[in-house]
Structure formats: structure tokens, C-alpha cells
Amino acid sequence: MSPQEVRSHGQAASSRRERVAVLALAGLIVSGIGFYLALRASDTGGNSQKNLLPYQLLARALPDSEQQIFRALRRGLLDVEAERSRLSRWPEPSALANQGVAPFAQDDGAQFRWQRFQTGATVNYLGLPADPSSPAWMLAVKEPEPNTPPDPAPLDDEHHKLPDGTTLHIYVWMHRFGGRVAPGFVAQPQNEGWTQVFSAPPNPLFLPRD
Amino acid sequence: MNLRRLLTAVLLLSAGIARTSAHNVRPEPVVEVFVKPTGDHVTVQLRLPIAVLADANLPRNPDGRLAQNDIAQALNLVARGIARDLEFQQGDDLLAMSAVSASLSADEELALIDLDYLIGPDRSPLSARLRPFRAGGQVVRTDAHYIVDARAPRTFRIAGEPERVTFEPAPTQVLGRFIRRGIEVLLSASDYFLFALCLIAPLRSRRAFLGACTALLAGQAIGIVSVSVGRLPVTPAVLLTIQASAVSAVVVAAIQDLVNPHSRWLWPLALTFGLANGLSIGERFLSEASFAGSYVALGLLAWLIAIELGQVWVIALLASAAGLLRRRGLIAQLAVLALALFAGHTSLHRLVDRSELLAELGAITLDRFLMILTLAWACLILCTGILEAILPARGDGLTRPSLTDAQNAENV
């Protein structure tokens, strides 16, 4: 006769209790994490600024009207890059406006006066507002310097790649006092009162270049 | 008490303690906003240090002083830009600005901006989008004072991301905000986590463990409520002293874990730590209390529940994890016990850091403060030793768990 394991009533009850305790603890962990994530998702303000430098800001922290301009700039950037690939040079804002590329072309009149400035491999598209109390915007595009190794950063809001493989660094800047901005190339925007605007916090492994 | 174990514990905790570098505390500029509803108008006055308007490129004379003749137009433009940014609302409706004016203070240190808005007859709450400013690459916080009556304006402090502040929030808004803030405090203020490590490091009886946890949470609740209702004025020096005392309690708990983990003085120590930690956390609530509007008690309750429940959750997790690890054998048990060393060592570093900050305030020198703190704890420990000699021995009939209990349980 083969030996059989006989479990006492006490042992079975102890196992049941332990199983319940483990399941309860697992439920506690999952519910706690779920509650925290739900709370974070519903948070419209918060403290994400702690991951940004003083001159950086997330787009969601802007007023709605400025968020619209930011989104229009990011969308229009794709058309600008397409023109750059086609023409092998960065197009003039007037050409973009003729093609109806927002925000360079505005249906409701000249909300911004766009100008293009370039120094070396850096191009600035500067938009000065018609209403001087409104913010000014700037799209800064940096091409790689000649003979520099390819940038290993993954493609994101900041890093774009042209069809010919050229990796671009893209930055969107905003100046709160648009009427006080002088037209011209801006070499160090963060030192001249400009605020860098992101959709999401920048990747800490590949921080924005100066 | 085994003296050799005590000395060993102190040496292990103190290994590698080095002084951190000091930093100077400079007075910081602040942007002040005064909001006062009066009948069918709401007036908003902003006082901005000129430094935060450096980006506005205000016209200056060749000697560097502001050009008084040309500055009016620039200031007016700045005022309209800031007003546009404020997005003053009543309910969901953007308020139209009826008047705006801007000027400089006599000493040219401040720009004064006055805004006037017409408000509707309904009682929808007023709100504005407040944000910090920038000066010289540093963030300048904004203090918005909502003047309800002449006695006590509510002050809203904005130093991080811009946010819409409702000056008279609804209860649901208050609940949501303070639960979120409570969880943020839970995640950022980690002293309790170090104390929790000390609680779970040695194998204790369930009664002792639960008693200590209860004392910790009770002391914390008392501390939070005491400060939050304004009964205990907490200056920066007092706050640093309290925070230093809290981490010193963690150091004592770590030593206790290694020397005498079954001490009857565990729950008083937990109560002491909880009280000190609660006072520190309560001060943070005080700085945010204005955001609760008329529902301060509700906000405090939400804050308290979020923090206490969160800590219970953390302690339960840690205790379960420690229990699971101890079943692996003697090495694992010792590894769990070593968490007390980590907690004590980290707390020593924090104690030194906070003592240095306190010394920089000029209230007391670093050495003197550490001496007083050490002597205070020494006196307390001496008193407990005397009481131990006087009080009857613990004959509670409970079998004290030993390090090999878990192993024996496995072998059954």
C-alpha cells in the first residue's frame, strides 16, 4: 500500500488562510497602483515642471490659444521638412503661406509676421505677433555640422530625420512679450527670454543641445 | 543591553559619513498678485520685481536706468500680455478686462499693474491661470492673495507648473486636489520609509509590530492636525529642527533593531517619530491650505487619509516582502536585518544635511545642535534604562520570535 499524505483539518485551514492573505495582498498592491495611476491620469496640473529647466515648459501648461499655435507649428513643420527635402534648402515663410501651410498662412488675417533667419546650420522661423501683447513664436531647426557622426538619439519631437538621412534637432520657442522682440537671428534663446515648449518632457538621455 | 552590539551598530551606521557642502540662503524675489472682488468688479493688482521683466527688454537710458519717458508704452504692453496670460474666468466664461494700467514704483524696483474686470451677477467661482516667472535663469514664485475680507486673505503659492487656481473651489475639487497632493507628499517625503524599514527589519511579534505602526500613524495624525489648524507656529528654523529630530529617531530605531529588537520602547519611539514627521508634513499642508477655499477641514481630511492609507499600504508591502524573504533562510534573514543599517546610515546623512541647513539660518551652530540632540537622546535612553530597572519584567507569556523561527516553521 503506497503511503498517502493525510492533511489535518488545521493544516487545510491554515493553507486556506494563507491563500486568502496572499490574494488579499495582491489585490491591495494592484488596487493601490491602479488608484495612483488613475489619479495621475486625472491630474491636470501637477508638478511635471520639476523635470524641466526654468526656461522649459510643457505645452499643456499654456493657455488654449497658445496650445493651438504650438500644435499648428508642429504640424506645419512636416510640410516645411518636405519642402526642405524637395528644394535642398529651407523654404521662405511666404512660400509656405502660399501653399497654405499653417501657421504661416492664417485664414483670419495676418496673426503673425513670419521671417526666416539662418546662421550656419541653424534656421529660425520667427513669428512676430500682430497684437504686440501676444507671445512671439520661433521654430528653430538645427542641421548637423559637416563631418559630425550621426546622432544616435531616437526619433521624437526633438529629433527628426529627413528622407536623405539627415537628422534634425527641432525646438519650438515662445517669447511671452512678443511686441518686445526684435526681428533677427536668436543664437541663445534661453538667455533672451524665450521659453522652450515641449509636448512631453525631453528624454533625459538625449538632452536638448545649445 | 549588549554593549559590544551597541558599539558595533553605531560604527556600522556611521561608516562613511561625510559633511556635505554648504549653500547660502539668499532672499528670493516674489511676484505678488492681489485679487479683490468688489460688487460687480474684481480688481487685480500685480507687483512684479523688475528682474522678472528682463525678457521684456524695457527701454533704458545709456546709464542703464529705465527710460522714464519711453517706458509707459512698454509697460502697458507687458500689462496686457500678463492679463492675457491670466485668463481670468468666472465659471467657464472668460472675463473681459475693463481697465488696465501699469507703472513703476518710486524706487524702480517693482512694476505695478492694475487690472479691472467686470463680473456677472451669478455666483460662479472666480479663477485665474497663475504661473511662476523667471529672473536670471531662476524660477520666481507667484503669491496670489485673494482678499475675502480685511482679516485674512487667502494666499496661493505657485512655484511649479502654471495652473488654474479657483479662488472658491467646490468640495469635489478640494477632495481631488488634496488626495493628489497627499500622495505626492507620500512619495516625496521618504523619512517614514526609512522608519518603516527599521520596523520590518527584525522579526517581531505581531502585537509589537502593530502597536508600533499604530503609534506611528497616530503620532503623525496628531502632528499633522496640530500644525494644520495653526496651533503650532512653525518657522523655518523650527521646521528644520523637527525634521532633524525625525531622522534622529530613525537612527535610534536602527540601533534598537540591532541591539534590542524586542524592546518595550518601540512604540514610544514610533510615536515620537510619527509626531515629528507629522509636524513636518503638516507644515506642507499649511502652505497649500488656501487651495481648499472654505473647505479647509475637508482638504485636511483628504490629505490625512491619503497619507495615512498610503503609509499603511507601504508598510504592509514591506512587511510581506520581508516575511517572504526570511523564509529563504538565515542569510536572507540577516539581509533583511541589514535594511536597518541602510536606514540608519541614510538617516545619519540626512541629519547632518539638515543640521547644516539649520546652522546656515544662524539659529545655532552645527556642532552645538548635534551635541544637544545626542545628549537629548542619551538622556531619554538613560531614563528608559532606569524605568526598565524599576518596572516589572515583561511577563506577557508571549514567546519572542527568534531568527530561526521561520526556518523551524518551514521544517514542520
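The model is predicted, so to speak of local features pLDDT must be at least 70, side-chain atom pairs count only at pLDDT 80 or more, and totals for chains, interfaces and linings use all residues. Residues are numbered from 1 along each chain as its sequence is written, chains are lettered from A in the order in which they are written, and side-chain values use heavy atoms, with hydrogens and water left out.

**Where the chains meet**

- The contact (heavy atoms within 4.5 Å) takes in 34 residues of chain B and 41 residues of chain A.
- Together the two chains bury about 3,000 Å², with 57% of it on carbon and sulfur atoms; buried area is the accessible area (1.4 Å probe) lost on putting two parts together, summed over both.
- On the chain B side, B:Arg84, B:Arg134 and B:Glu161 lose the most area to chain A, together 23% of what that side buries.

**Salt bridges**

- Four salt bridges cross the interface of chain B and chain A, each a side-chain nitrogen of Lys or Arg within 4 Å of a carboxyl oxygen of Asp or Glu.
- A:Glu66 and B:Arg84 form a salt bridge, with their closest N and O atoms 2.9 Å apart.

**Aromatic rings**

- There are 13 aromatic pairs over all chains, counting Phe, Tyr and Trp rings (six-membered ring for Trp) with centres within 6.5 Å; planes under 30 degrees apart are stacked, over 60 edge-to-face and the rest tilted.
- B:Tyr146 and B:Phe167 are stacked, because their ring centres are 4.9 Å apart and their planes sit at 10°.
- B:Tyr146 is buried at 7% relative accessible area, and B:Phe167 is buried at 0% (buried means under 20%, exposed over 50%, partly exposed in between, with a 1.4 Å probe and protein chains only).
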